[in-house]
Amino acid sequence: MPTGSELGLVAWQRQQSVGLFSCDGHKVYSSSPLPLGGTETAEVVRDAAGAPLSMLCDFGTQWHLALNAEIFMHLWAWVASKGDYLQYQWTVKVDAD
């Protein structure tokens, strides 16, 4: 999300308090501390060495699918380790677009 059209879309959603920003709690994860509006920034997810986790992936198969399963497994482990989700009845992963 650090580049491309999603950042503008997320900033607009934050400003309008729609999408995930209309939920009781929310987090935006990225490889850099992106400004989301006001004082809110995206949380930087780190790899095992402490470096920001690269969220870039290859594309493959005849359908040009994102090969990002390892990124999501790492991200869900990150979410679990933080424990913020325990304050809510359910947790969902969404894309800005």
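Glu40 is buried, at a relative accessible area of 19% (buried means under 20% relative accessible area, exposed over 50%, and partly exposed in between, with a 1.4 Å probe and protein chains only). The side chain of Glu40 meets that of Arg14 in a salt bridge, 2.4 Å from N to O; a salt bridge is a side-chain nitrogen of Lys or Arg within 4 Å of a carboxyl oxygen of Asp or Glu. Arg14 lies in helix 1 (residues 6-16) and Glu40 in strand 3 (residues 40-41), so this pair ties together parts that are 26 residues apart in sequence. Arg14 itself is partly exposed, with 26% relative accessibility.

The structure is a predicted model, in which local features need pLDDT of at least 70 and side-chain atom pairs count only at pLDDT 80 or more, while totals for chains, interfaces and linings use all residues. Residues are numbered from 1 along each chain as its sequence is written, and side-chain values use heavy atoms, with hydrogens and water left out.

The protein chain contains two helices and six strands, arranged along the sequence as α-β-β-β-β-β-β-α. Helices (H or I, at least four residues) and strands (E, at least two) are DSSP runs, numbered from the N terminus. Of the 97 residues, 23% count as buried. The C-alpha atoms fill a box of roughly 35 × 30 × 25 Å along the principal axes.

Four salt bridges are found in the whole structure. One of them joins Lys27 and Glu43, with the closest N and O atoms 3.4 Å apart. Lys27 lies in the loop between helix 1 and strand 1 (29-30) and Glu43 in strand 4 (residues 43-44), so the pair ties together parts that are 16 residues apart in sequence. Glu43 is buried at 18% relative accessibility, whereas Lys27 is partly exposed at 41%. Another salt bridge links the side chains of Lys93 and Asp95, at 2.8 Å from N to O. Asp95 is exposed, with a relative accessible area of 52%, and Lys93 is partly exposed, with 35%.

Ala96 is placed in the segment after helix 2 (69-82) and is buried, with a relative accessible area of 18%. Not counting residues up to four places away in sequence, Ala96 touches Glu6, Leu9, Val10 and Gln13, contact meaning heavy atoms within 4.5 Å. The C-alpha atoms of Ala96 and Leu20 are separated by 8.6 Å, although these residues are 76 apart along the chain. Trp90 is also found in the segment after helix 2, but Trp90 is exposed, with a relative accessible area of 59%.
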